[in-house]
Amino acid sequence: MVNVGAKVSGGPGAAAGDRWRVPALANLAVAAIYALVGALVEVFFSSIGLFPAPLWPSAGIGVVAGAIYGWSIVPGLFLGSLIINALSFSAPLGMALPISLANALGPVVGIVLARRFARRTDALFGVRDVASFTMFAVVLHAAITGGAGALTLSLNGRILSGALGRTFLEWWLSDAWGTLALAPPVLLWLLDPATRAGRNRQGEWLGVSLALMAGSAALFLWRGLEGQADAALPFLLLVPCAWLAVRFTSREAYTVFSAVVVIAVIMTATGYGPFAGAGIHRPLFFVGIFTVTGAALILSCGALANNRRRAERALRSMVATLEQRVAERTAALQASEALLRQVVEDLPLPISLVRPEDDRLLFANGQARRLFGVDPAIEPDRHESALWCRLEDRQRVFAAVTAGEAVQDMETELWNAKREVITALVSASLTRFGDTPVVLLGTADITDRKRSEQAVRESERKLRLLTDNMTDVVWAVDPGLRYTFVSQSVEQARGIPPDALLGRSIFEFLSPESGERAGRAIASATAAAAAQKQERAEVRLELEVVRPDGIVLECETCMTLLLDSYGRLLGLQGVTRDIRERKILEAELHRLATTDALTGLLNRRAFLDRLGSDIARSLRYGRPMTLAMVDLDHFKRINDQFGHGVGDEVLVAFAGVCRTALRDADVVGRLGGEEFAVLLPETAIRRAASTAERLREAVEALRISADGGPVTPTASIGLAPLGPGDDASRLMARADHALYAAKQQGRNRVVSAGE
């Protein structure tokens, strides 16, 4: 049905004047058209002696206006009806007002209800739309206007009470006839523009329509037709009209039908045609019946045709969608099959398909063709069994898969493309190739690995012969890093016999930190060697080995990684040496190289290295630091008076005072003779002065026994804080300058740079 009110005025942004002007103009236009059409109809029918008019087209105008404008058009319909009732019919105001009100409300009420109960908002599309339109916009509308009109005439004494029913029926038929004659074609053309006949059928529609109208004109111009039998002839015209509705659309068919109705009304009213023949009373009543019947037939046929077309379109759309999905699925399946074939073709593992019933090789991927020198596309009759060196192994494999068992990594010997014997691991399972049961074979050439394993075993045998009397521990492990060989020396080194280590992981005997470091080093070396396609890699590590009694041994391990041609680890061989004595010697050498032999303090070189690194760190992080230069006062006099032995005791005692008076973080070094330096990190000059004073007092409190009496040494100290841009030389120079000032001021004192 139609969307009532869809055409009314502007949107929410329209000006107030526009919102009122558009409905007002529409109401005036509808009133004028309603009154004009009504006046012309009354003039026509009055001229032939029929009053009031048996056909009222203005009722159709009311339905069309209600469909377009909805309730807002009621004033215009009321005004148009009032004009025609007051002027043409000379009805008094008391009669004209209720009749005009019914003529205004009837079509709008009917079309609103028709739209509410219709299935679609399109005009007269489906069967339910036609039924709703007929029930409400035609029957109910005409009943409202006919009932109100007949009741008004009866109340005003214009008709007898016994004629009320007849008057209502004539009025109802007049409005229903007028609605069906005018409203459907106008609504179909104005409000349903999407419904069109096919372009290739326009000529067909025009030819049939012209022939139908010509036949209608000839039938209704014929004066010789008489009797009720001839009055049935015009109903035959409804057959081609119904065919037009089915063949084309309701709009095209109803337009032709409306033209036929116009011809029928005019000719019948003027005395022509089958309905005006002798013996026909009330000929226009027959025209009305003809119109109602034709309207119902055409609208129903058109609705059924529309439903059929909609179903056909839905079916075509569904079929097209289904075809598209089938095409997409087919393309996806083909792409998947192509991808799967490409993946299998590019697999690094040789793959082949064998038909067990006749031993035919159906498929071999690239690796299989290269390994065995066979191509089923070139040699379709090639027997797969010719590739096996031991046919009993093949029979065992095929018997297992035929029985539903999968074969995994069975070792056997096969012939390669050069007719050389290779060692291979064969895996097999039963599958289908199309509709054919086939055996899927996967083959891994392990010839190089077997040779490498043999070489490892031979190397282990020779290694055992060489290592039986060595003090270092010689060992070998498998790819799982489990011991396969350990020399006899391990019992003396670790307190555990060699046989107790076999099959155990190397990580069981390492400290957690050493085990983690060893695992990372082995994995990294294996990956690097595989990337460079090397079959050997060397790793040297210092590890902590834990004995069964809990003693931790510091050991140096040199290991060689052995890899096959695929970069897989075959095993490790190594030598482990106890380096505890070497570590002790290295520590002692380091101590001798960095400490003063007499005092145990840092020597000059070690102190300067520490000073340089601490200066850099303090400047980088903006932390304070102070350097103190210390000189034992009159030390030469002590040596001369008491001897160098006493002098050495003074130096040792000073070193002891430094250890007790200073923090653990402070660094003390002997620069030479009686000259020392103290590095005070994280210490500003004021706090450093307090620390230096405490050190000076501790030195002053020393009492060194000597033959000539106790020796009481004192110390002069110069302080210099670290400044921006300082290096070791500049900082030491400023501290030396402060030390010189302390001596100049009488010794046994602390002086800061800049004082």
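**Close-up views of a predicted model**

**Figure 1. The pairing of strand 3 with strand 4.** Leu414 stands opposite Ile422 in strand 4. The model shown here and in the following figures is predicted. Strand 3 covers residues 407-415 and strand 4 covers residues 421-433; the two run antiparallel and are joined by 7 bridges. Between the strands of this hairpin lie 5 residues, and Arg419 adopts a positive phi near 60°.

**Figure 2. The pairing of strand 4 with strand 5.** Strand 4 also pairs with strand 5, in the antiparallel sense, through 10 bridges. Within this pair, Val426 is placed opposite Thr443 of strand 5.

Figure 3. At least two lining residues come from each of strand 2 (360-364), helix 12 (366-372) and strand 5 (436-445). By class, the lining of the second largest cavity consists of 10 nonpolar, 2 polar and 1 charged residues.

**Figure 4. The largest cavity.** Strand 8 (536-546) and strand 9 (552-563) each contribute at least two residues to the lining of the largest cavity. These lining residues divide into 9 nonpolar, 2 polar and 1 charged.

**Figure 5. The protein chain that surrounds the close-up views.** The protein chain contains 22 helices and 15 strands. Its radius of gyration is 60 Å, well over the 27 Å given by the globule rule for 755 residues, so the chain is more spread out than a compact globule. The C-alpha trace spans about 175 × 95 × 40 Å along its principal axes. Of the 755 residues, 44% count as buried. Among contacts with a separation of 6 or more, 61% are between residues 24 or more positions apart.

Technical notes:
Residues are numbered from 1 along each chain as its sequence is written. This is a predicted model: local features need pLDDT of at least 70, side-chain atom pairs count only at pLDDT 80 or more; totals for chains, interfaces and linings use all residues. Side-chain values use heavy atoms; hydrogens and water are left out. Helices (H or I, at least four residues) and strands (E, at least two) are DSSP runs, numbered from the N terminus. Ala, Val, Leu, Ile, Met, Phe, Trp, Tyr, Cys and Pro count as nonpolar, Asp, Glu, Lys and Arg as charged, and the others, Gly among them, as polar. Two strands pair if DSSP finds at least two bridges between them. The radius of gyration is taken over C-alpha atoms; the globule rule is 2.2 Å times the number of residues to the power 0.38. Buried means under 20% relative accessible area, exposed over 50%, partly exposed in between (1.4 Å probe, protein chains only). Contact means heavy atoms within 4.5 Å.
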